[in-house]
Amino acid sequence: MRYQNATAYRFLAPYLLIFSIFWLWPIIDSFLISFQATRTVPWRFAPTFNWGRLIGDPAFFNALKNTLLILVIQVPVMISLAIVMAVLLNSPLLKARGLFRFAFFAPVVVGEVAYSAVFRLMFNLDYGIINKLLNSIGLPSVDWFTNVTPAMAVIMMAVTWRWAGYNAIILLAGLQSIPEDVYEAATLDRVSKVKQFFYITLPLLKPIIVFCAVLSIIGTMQLFTEPFLITERGGPGGGTETLGLLLYRQGFRSLNFGYASAIAYTMAGLAIAISLVQIWLTREPK
Amino acid sequence: MTSHSRVSRSQARLGRSIVLHLFLTPLALVWLFPLWMMVVFSTMPDNGIFSPDIELLPHGNFLDNVGNLQRGTNFIGAIGISVSVAVTYTFLSVMLTSMAGWALARYNFFGKGMVVAIIFGTITLPYAVVLIPQFIMVARDFKLANTWVALIVPPLFNSLGVLFMRQSFSMMPHELFDAAKVEGVKEWRIFLFVALPLARPMLAALAIILFLASWNNYLWPLLINSKPGAMTAPVALGTLIGLTKVSWGGIMAGAVMLTAPMLVVFVLLQRHFVAGIAAGAIK
């Protein structure tokens, strides 16, 4: 086929322009800024200033630990739940399908601020509906926001509530692309539904599950709004501070752009590592 | 097949159906609960929210709460900004991404592999990496903080949308476009008047997802438009959480005002929503 460079680039120009100004240059610039001391005017080149601080900063390791902790617990729980939702919503036996779809998919349209406000109020110590319901079945109130473990649990529940349906939508589309006759053949061979799930559904869905997991990991890794609003700036005492929140605090509260850029590049490094794992997991068997 | 085994199979089906609904119904109720409580809270006076009783039904204080919110912060004005920004953003972004998608679907050109690599590469790149230079550039170099341009233009870059539109255009019969070309129709007219109308359902899906993304965007507007008169609605609402300037009932009324229109759109256009989200993964 012949090349149509001029026409193609005319259509691509606005997109590539936005990319160059607001992504390409910032990606480079952010890397450069991470090697500068940015709290002096003018900024000066100081290669170990931020990175040296990073590897000895307890606040960084605290945020890294919290972020990874949320990742390893919340993402598997949410993806498993999303798979269950998708498989059950896909069942031909399901009645009132529209209502169930609404229940699980509706959080997808709810903004972070709106749902953070609701979760914060629901988990209030003295007047929150969750503690009232716990009391009504004879359980003691939980002091959700002054202890680290329950505060983390609230964050994880909130994120799971918001994003499980989103992943279920993607997984459901994947399920519907599996040809029906695969299951019909298995049913004729008297393969049980449970076995069909583990030996047909899961393997065929694997690339999509991995895709969902990677998007979720990268999203959760940048978690900002929930610890910012629900647990009030990463409280109690930094117990729910994430990398995203530390970056915000360093970059936009202390205006320490150099250090914040080093934190940003650490997050990018983690994301690249995770993407490589994804490529490795979904590679075609030779 | 004997009638006996047919009976036992239909019994097994019934049993499975009961188990399915017994499991899914409580889960669905748990999932609806936060949304329901948002509505309940938004209709209660604060002495009702902070009372020891369990209140699970709406009261009649919604408009008082809206009034309370409006006095504490010009929330209606902020909603006006959010709507205008989301509409403009959606239009521009749909144009930008479908033009790029069209170029990738229809032409061979030098550097195509590079463009595709950029698109795939940025999907998994954390936004955090560009956030700080973007902020410095827009606020300090361009002096555009607290303007609409700052809210609309930087988020225009969007990878999944381009992939979605490329996919949509490549599934169309190219003979149609080639026939138009033979007739002497210019490429941009083929794009505007042949391809785009054919892509209407996909454009609808894309537009809904982009509108939602702009409507709910929080971090970037929080950083770049922090002046009270320039805030979007989520940012304005976020500033109230944890303070006592506005009652919780007022905050919840704001949350309902942000959420309810999107839920209505979701119910009416669920098919497009689902298509837009699912397209991120399925090719």
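This passage walks through the two chains of a predicted model, how they touch, and a few local details.

Chain B is built from helices: the count comes to 15 of them, with zero strands. Its radius of gyration is 25 Å, well over the 19 Å that the globule rule gives for 283 residues, so chain B is more spread out than a compact globule. Laid along its principal axes, the C-alpha trace of chain B spans about 80 × 75 × 35 Å. Buried residues make up 45% of the 283 residues in this chain. Looking at contacts in chain B between residues at least 6 apart in sequence, 74% join residues at least 24 apart.

Chain A has twelve helices and two strands. Of the 286 residues of chain A, 45% count as buried. As for contacts in chain A between residues at least 6 apart in sequence, 70% link residues at least 24 apart.

Now for the place where the chains meet. Here 71 residues of chain B are in contact with 79 residues of chain A. On the chain B side, helix α1 (residues 3–42) gives the largest share, with 14 residues. That side of chain B is made up of 57 nonpolar, eleven polar and three charged residues.

Inside chain A, one helix pair shows how two helices can pack. The axes of α7 (residues 148–176) and α9 (residues 193–221) of chain A come within 10 Å and cross at roughly 145°, and the crossing is right-handed. From α7(A), the residues involved include W163(A), N167(A) and L171(A), while α9(A) brings in, among others, L205(A), I208(A) and C212(A). Sorted by type, the residues of this contact are eight nonpolar, five polar and no charged.

Helix α3 (residues 62–72) of chain B has two faces to look at. N65(B), N68(B) and L69(B) are buried. These three cover an arc of only 100° around the axis, which puts them on the same side of α3(B). L63(B) and R71(B), on the other side of α3(B), are exposed.

In chain A, the peptide bond from V41(A) to P42(A) is cis, with omega near -10°, and P42(A) sits in the loop between β1 (36–37) and β2 (44–45). Another cis bond runs from G235(A) to P236(A), with omega near -5°. P236(A) belongs to the loop between α10 (225–230) and α11 (243–253) of chain A, and E232(A) lies in the loop between α10 and α11 too. E232(A) has a positive phi, near 50°, though it is a residue other than glycine. Because E232(A) has 15 C-beta neighbours inside 10 Å, it counts as partly exposed.

Chain B has a positive phi to show as well: K143(B), not a glycine, has a phi of about 50°. K143(B) is found in the loop between α6 (128–141) and α7 (148–152) of chain B. With 10 C-beta neighbours inside 10 Å, K143(B) counts as exposed. Further along, G184(B) is in the loop between α9 (174–182) and α10 (187–198) of chain B, and it is exposed, with 6 other C-beta atoms within 10 Å.

Technical notes:
Residues numbered from 1 in each chain as written. Chains lettered and ligands numbered in written order. Predicted model: local features only at pLDDT ≥ 70, side-chain atom pairs only at ≥ 80, totals over all residues. Helix = DSSP H or I, 4+ residues; strand = E, 2+ residues; numbered from the N terminus. Rg over C-alpha atoms; globule rule 2.2 N^0.38 Å. Buried ≥ 20, exposed ≤ 12 C-beta atoms within 10 Å, placed from the backbone. Contact = placed C-beta atoms within 7 Å. Nonpolar A, V, L, I, M, F, W, Y, C, P; charged D, E, K, R; others polar. Axes fitted to C-alpha atoms, helices over the stretch in contact; angles between N-to-C directions. Left-handed = near helix turned anticlockwise from the far one by under 90°. Arc of directions from axis to C-beta.
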